[in-house]
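Let's take a friendly walk through this model. Please keep the sequence and the 3D view at hand.

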Amino acid sequence: MGAGPAGATRTAAAGRRPGPPAEDDARLGLWLAMLRATRGIENELRERLRLAYDTTLPRFDAMAVAHAAWIDETMAGLDADDVSAAMQALLKIDKPAREAWNVGCA
């Protein structure tokens, strides 16, 4: 008839991509393993931050962004008073973070 092998027709009729299903299963398995590993690492990091530094991952992220911005601004030649004022403004968003860094903000 010229329609090709019967298996190919069924695969196309079912709406699936042609290709070995084992490859799709392997990709899905790899993706799930990577997700599991990522979540495990993130949970471990959260726990260590909480126990060792009494802080959270979002708070740490905010402080890392503030620190990077401070370094960038310092490198741009800002005056020390401007840098101090910028850091104090950023630290006011979270009192525990301010206390963790031992920075006095008025």
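## A salt bridge to start with

With a relative accessible area of 33%, Glu 47 is partly exposed; buried means under 20%, exposed over 50%, and partly exposed in between (1.4 Å probe, protein chains only). Its side chain meets that of Arg 50 in a salt bridge (2.6 Å, N to O), a term for a side-chain nitrogen of Lys or Arg within 4 Å of a carboxyl oxygen of Asp or Glu. Arg 50 and Glu 47 are three residues apart in helix H2, so about one helical turn separates them.

This is a predicted model: local features need pLDDT of at least 70, side-chain atom pairs count only at pLDDT 80 or more, and totals for chains, interfaces and linings use all residues. Residues are numbered from 1 along each chain as its sequence is written, and side-chain values use heavy atoms, leaving out hydrogens and water.

The structure holds four salt bridges. Among them, Glu 44 pairs with Arg 48, with the closest N and O atoms 2.8 Å apart. Here Glu 44 is partly exposed at 41%, while Arg 48 is exposed at 55%. Another joins Glu 23 to Arg 27, at 2.9 Å between the closest N and O atoms.

## Where H2 ends

Just after H2, Asp 54 takes a positive phi of about 50 degrees. Thr 55 lies in the loop between H2 and helix H3 (57-75); helices are DSSP runs (H or I, at least four residues), numbered from the N terminus. Thr 55 counts as buried, at 12% relative accessibility.

Methods. Helices (H or I, at least four residues) and strands (E, at least two) are DSSP runs, numbered from the N terminus.
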